[in-house]
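Let's go through this one together, a feature at a time. You ask how to read things, and I'll point to where they show up.

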Amino acid sequence: MTGLHTPVLVDEILRWLQIRADGIYVDATAGTGGHAVEIAKRLASGRLVGIDRDAQALEIARERLKPYGERVTLVQGNFSSIGEIAARLNIPSVDGIVADLGVSSLQLDTLDRGFSFRGAGPLDMRMNSGAGETAAEIVNHWPERDLANLLYQLGEERDSRRIARSIVRQRPIRDTEHLATVVAGAQKRGRQRLHPATKTFLALRIAVNRELEELEQFLDRAPATISSGGRMVVLSYHSLEDRRVKQAFRRLAQQGVLKVLTKKVIEPGAAELAANPRSRSAKMRVAERRAPANGTRDMREAS
């Protein structure tokens, strides 16, 4: 089985979720099933729902999770639709949710998905390859100013104007390798640790998949699906994601909906970083669902 994603902070996630054998849990970004398998192992009469918009990843997850039978339900969809998915499955509330944001190893390592600048592939970048605008449409058709704004706002790219100008001059951009070459040629030399195209590819991926909009909707909607005392674990991989998670948890805590359990972000230790270098930017935050302030029973108790 190829394309398996090495799950990040597995032990920490399992510990903070406080998994019960009879509990109901949601892996909101199941991918190829790395975290889902570890949760399913710990269930007896409980249930796990895995959500992902990447059909290719879900096929791999389905094979890995076959041994757990009816304990596991996999759904193709956006994690922002968590409430609708739970309702469709007749699940009134859950005991825990984990969301591992960002791109998977399967997506990065499959060149024809267009996520990587380390080879030639189509400028696609869609997590759901059957829907939405591709990176090629943005790169080859957006006005220069809009393209520069996108690179600056979503990629935090300081050379955004120079890169956008170079992209427009070199159109049509043929593939990922061509784009990476154009971006590298447009930048000032000797001031970056990362590959010169890293931030450009990040910005395009976020835009193509509407990742920040999806995240904000998920953070707004997910707490309503959690039972009192249930927990929500979110892993982010860049500042735009982490900032939104931090702000949403803080706002929901002020409203009495959540209690933030992690005063500081949890990050991978030295051993995990050595074994899985792609985990280096991971930041984990955890919150717990408070009991309703009016003293009413939660959804499961009322059902």
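Q: What is a cavity, and how is its volume worked out?
A: On a 1 Å grid over the protein atoms alone, a cavity is a set of points where a 1.4 Å probe fits but cannot get out, and lining residues are those with an atom within 4 Å of a point. Grid points are joined across faces, edges and corners, and the volume is the space filled by probe spheres set on the points. Here, the second largest cavity holds about 50 Å³ of space.

Q: Before we go on, what kind of model is this?
A: This is a predicted model: local features need pLDDT of at least 70, side-chain atom pairs count only at pLDDT 80 or more, and totals for chains, interfaces and linings use all residues. Residues are numbered from 1 along each chain as its sequence is written, and side-chain values use heavy atoms, with hydrogens and water left out.

Q: Okay, which residues line the second largest cavity?
A: Look for V26, V49, I51, I82, I85, A86, I91, V94 and T225. To sort residues by class, count Ala, Val, Leu, Ile, Met, Phe, Trp, Tyr, Cys and Pro as nonpolar, Asp, Glu, Lys and Arg as charged, and the others, Gly among them, as polar. In this lining that gives eight nonpolar, one polar and no charged residues.

Q: Which helix gives the most to that second largest cavity?
A: A word on names: helices (H or I, at least four residues) and strands (E, at least two) are DSSP runs, numbered from the N terminus. The answer is α4, with three residues.

Q: What makes something a pocket instead?
A: A pocket is an open set of grid points with protein on both sides within 12 Å along at least five of seven lines. The largest pocket here has about 1100 Å³ of space. It is lined by 34 residues, with V103, T198, R205, R280 and S281 nearest its centre. Elements giving two or more residues to the lining are α5 (105-109), α10 (198-209) and α12; α10 gives the most, with five. The lining of the largest pocket splits into eleven nonpolar, 13 polar and ten charged residues.

Q: How much space is in the second largest pocket, and what lines it?
A: There's about 180 Å³ in it. The lining includes R53, N78, R126 and M127, and its classes come out as three nonpolar, four polar and four charged.

Q: How do I read the way two helices pack?
A: Start with axes, which are lines fitted to C-alpha atoms, for helices over the stretch in contact; angles run from 0 to 180 degrees between N-to-C directions. Angles under 35 degrees count as roughly parallel, over 145 as roughly antiparallel, 65 to 115 as roughly perpendicular and the rest as oblique. Helix α11 (residues 211-221) and helix α12 (residues 239-254) pack at about 20°, with axes 10 Å apart, so α11 and α12 are roughly parallel to each other.

Q: Which residues meet between α11 and α12?
A: Contact means heavy atoms within 4.5 Å. On the α11 side, E211, L212, L215, E216, L219 and D220 take part, meeting residues of α12 that include L240, R244 and F249. This contact has eight nonpolar, no polar and six charged residues.

Q: Which angle do α8 and α9 make?
A: The axes of helix α8 (residues 160-170) and helix α9 (residues 176-186) cross at roughly 130° and come within 9 Å, so α8 and α9 are oblique to each other.

Q: And at what angle do α7 and α8 cross?
A: The axes of helix α7 (residues 144-155) and α8 come within 8 Å and cross at roughly 135°, which makes α7 oblique to α8.
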